[in-house]
Amino acid sequence: MQAANLVEIRDLSIQFPMKRGVVQAVQNVSLDIPRGKITALVGESGSGKSTLASALLRMVSSPGVIAGGSIKFDGTELLKLKKRELREYRWSQTAMVFQAAQNALNPVVRIGEQFIETYVAHKKERKEKILDKVKHLLDYVRLDPNRVLNAYPHELSGGMKQRVMIAFSLLLDPKLIILDEPTTALDVITQEYIFNILMQIHKDLGITMLLLSHDIAIVAKAADQVGVMYAGNLVEVGETCDMFAAPKHPYTSGLIKAAPSLLTEAAEPIAGSPPNMLNTPAGCKFHPRCKHAMEMCGREQPPLLSLDNQTLVACHLHSAGHGTEGGAYDIAAKVRAY
Ligand SMILES: Nc1ncnc2c1ncn2[C@@H]1O[C@H](COP(=O)(O)OP(=O)(O)OP(=O)(O)O)[C@@H](O)[C@H]1O
């Protein structure tokens, strides 16, 4: 029987050593990515979403280093893979659609050739057979294969190029697709169109997806599970419906209230701004912006704890005996009212 989780991340830390100090882009993060589901990571810019996702491809950008932890992909420890094994793993097991991914296309090579080159770099196959598969994929992302295969990237619009990249991500039948702000660089109508294609792909193929987004409204529509990141820490993980109905962390609540499309009342931005990652606050990194901060929040970093076997939260408001009279759920109501 297959394990329920495709990916299990444990205690993962990723650092960027800089001249002025060390950026802890991801700090002791543990997260399960269930098979066949859409998991979303949300958080303001710089919270560590892309860095965490890049570790799933062992492609942390320079000068970043994975300082500790473990990533098990379908039972295999990714952090121990050798170079050759990594080459086989990337794209065929996990593919990524980057922010403005269309810029990743080679401007001087026709799209069809780029598909063939990518395929044969991983698997042996006859050109005709590869082209059949590519035509099917292009069709799937609602592009005309005859036009697109012979085109150079500059002959396609931004939305078309992003759809080409989505077709690319499916080329080798990966088990996981990482979508890093897949629609951010596009106009609103194209965003909706591409988003619908992604949801159709998920529905038809049951493929596991990790969606990184600032846009909590998109996450609410698409994801089964949400992880909330703040300044390199995972501060809440839970099922989407539960999280939107009753956010447990004040930061999650703030993110939901800051999203205009989800609310009848006006959006309310979170006060303050994310910390300088070279000099993050002691204790809970969110405490300087938190209306509920207590003395201990500036002192001790709260661990990520399970509240009800489904929701994980890292907040002292939920630790037993800290400011709670009636337990964690009374506090959840206070946090909702945040
Ligand atoms: N190549 C790099 N060199 C130095 N610092 C980096 C590098 N890449 C990321 N960082 C730092 O790591 C932290 C996390 O960045 P990351 O891009 O993962 O955040 P993010 O949540 O994905 O943000 P965004 O939504 O803007 O993409 C930030 O403080 C960022 O400055």
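# Exercises on a predicted model

The element α1 supplies the largest share of the shell around the ligand, three residues. The model is predicted: local features need pLDDT of at least 70, side-chain atom pairs count only at pLDDT 80 or more, and totals for chains, interfaces and linings use all residues. Residues are numbered from 1 along each chain as its sequence is written. Helices (H or I, at least four residues) and strands (E, at least two) are DSSP runs, numbered from the N terminus.

**Exercise 1. Describe the shell around the ligand by residue, element and class.**

Step 1. Assign elements. Both β2 and α1 give two or more residues to the shell.
Step 2. Sort by class. Ala, Val, Leu, Ile, Met, Phe, Trp, Tyr, Cys and Pro count as nonpolar, Asp, Glu, Lys and Arg as charged, and the others, Gly among them, as polar. The shell then has 10 polar, four nonpolar and one charged residues.

**Exercise 2. Give the strand order of the four-stranded open sheet and find its edges.**

Step 1. Define pairing: DSSP must find at least two bridges between two strands.
Step 2. Read the order. It is β2-β1-β4-β5, with antiparallel pairing.
Step 3. Find the edges. β2 (21–34) and β5 (76–77) each have a single partner strand, so one side of each is left without a neighbour in the sheet.
Step 4. Check β4 against β5. Two bridges join these antiparallel strands. K72 stands opposite E77 in β5.

**Exercise 3. Locate the cis peptide bond between S62 and P63.**

Step 1. Read omega. From S62 to P63 it is near 5°, and the bond is cis.

**Exercise 4. Are D173 and E181 buried or exposed?**

Step 1. Set the cut-offs: buried means 20 or more other C-beta atoms within 10 Å of the residue's own, exposed 12 or fewer, partly exposed in between, with C-beta atoms placed from the backbone.
Step 2. Take D173. Its phi is near 50°, positive in a residue other than glycine. The loop between α6 (158–170) and β7 (176–180) holds D173. D173 counts as exposed because it has 12 C-beta neighbours inside 10 Å.
Step 3. Take E181. Its phi is positive too, about 45°, although E181 is not a glycine. E181 sits in the loop between β7 and α7 (188–205). With 20 other C-beta atoms within 10 Å, E181 is buried.

Definitions and conventions:
Near = placed C-beta within 6 Å.
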